[in-house]
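Please work through the exercises below with the sequence and coordinates at hand. Each task is followed by a solution in steps.

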Amino acid sequence: MEILITNDDGYQAKGIRTLIEIMRPFGRVTVIAPKKHQSGMSMAVSLGLKQIAYKELVRTENYMESYLDATPASCVKFGLNTCFLEKKPDVVVSGINHGSNAASASCYSGTLGAAFEGALNGIPSIGVSLDTLNPDADFSAVKKYFPEIFRMIMENLPEKKGIIYNVNFPDIPAEDIKGIKTGYQGQGIWIKEFKPWDPGLLAHYGITPEMLGQSSQTEAEDGEEMYVMTGEFVDDPCNTAEADHKLMQQGYISITAHNIDSTDYAEIGRLKEKGFEKEF
């Protein structure tokens, strides 16, 4: 099996190091990950005709690791245009993300953006996340349960293309996980999202500005005020117990199937019924 791995936390993050360890027994692994932290980039690509640095770090018979100074989706694009120019990989696996990508977070996620890029190219794609921002997170539950989840997904692929499997683990010990459940994308929004810049806000999560490709000595130009984007999640009352983030709160690993085709077919049908289609 040919496996392409990337993430959005950067090639040195503990999450991707763990994912590499998990995936190597399944086949030939190619890692092309961002040089620096790229959270929240969704499917953004590194356009603008700017220079993009690439560096191969390790190459053995069944393993290659490299970084690209670009977005997660760009890393997948780069792989498809270089390492996999003749034959596409069998699967794209993105993660393990430090932080949940359930509910509305899936709309912004660079982890899932990379998986969407794989799905756009007709490749089965999986995003894997753990619900903690701790850079030294305990990934033992993912090590224990994700191999079987991966096997089941790959052994039961549908004919339908464009699917992304969004796998989210609660941040609890492996022995406390109740099971695995499939759910839907939960709804919710963030409020109070911008706060005055203070490195102490990052320290609360065990993160330094340098981990994000920034500097602790950030200085504003004349007239500028510095902010950091954070926020509080507000749950939508329409969510049921089957919402992906609710499943995690109950102690379950959640699996949600997204699709690159975001068409709302029910709404298209309603518009037709309302007479929106006309001949001129």
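The exercises that follow concern salt bridges, a strand pair and a surface patch in a predicted model.

**Exercise 1.** Determine which parts of the chain are tied together by the salt bridge of arginine 17 and glutamate 65.

*Solution.* 
Step 1. The side chains of arginine 17 and glutamate 65 meet at 2.8 Å, N to O, and a salt bridge requires such atoms to lie within 4 Å.
Step 2. Arginine 17 belongs to helix 1 (residues 14–23) and glutamate 65 to strand 4, so the pair ties together parts that are 48 residues apart in sequence.
Step 3. Arginine 17 is partly exposed at 33% relative accessible area, whereas glutamate 65 is buried at 6%.

**Exercise 2.** Describe how strand 3 is joined to strand 4.

*Solution.* 
Step 1. Strand 3 (residues 54–60) and strand 4 (residues 63–68) run antiparallel and are joined by 6 bridges.
Step 2. Threonine 60 stands opposite tyrosine 63 in strand 4.
Step 3. The two strands form a hairpin, with 2 residues between them.

**Exercise 3.** Classify isoleucine 189 as buried or exposed.

*Solution.* 
Step 1. Isoleucine 189 has a relative accessible area of 54%; the cut-off for exposed is over 50%, so isoleucine 189 is exposed.
Step 2. Together with Ile191 and Val234, Ile189 forms a nonpolar surface patch with about 230 Å² of accessible area.

Note on methods:
Residues are numbered from 1 along each chain as its sequence is written. This is a predicted model: local features need pLDDT of at least 70, side-chain atom pairs count only at pLDDT 80 or more; totals for chains, interfaces and linings use all residues. Side-chain values use heavy atoms; hydrogens and water are left out. Patches are made of residues with over 30% relative accessible area and no salt bridge: like charges are joined within 9 Å, nonpolar side chains (Val, Leu, Ile, Met, Phe, Trp, Tyr) within 5 Å. Accessible areas come from the Shrake-Rupley method with a 1.4 Å probe; for residues, only the protein chains shown count as cover. Buried means under 20% relative accessible area, exposed over 50%, partly exposed in between (1.4 Å probe, protein chains only). Two strands pair if DSSP finds at least two bridges between them. Helices (H or I, at least four residues) and strands (E, at least two) are DSSP runs, numbered from the N terminus.
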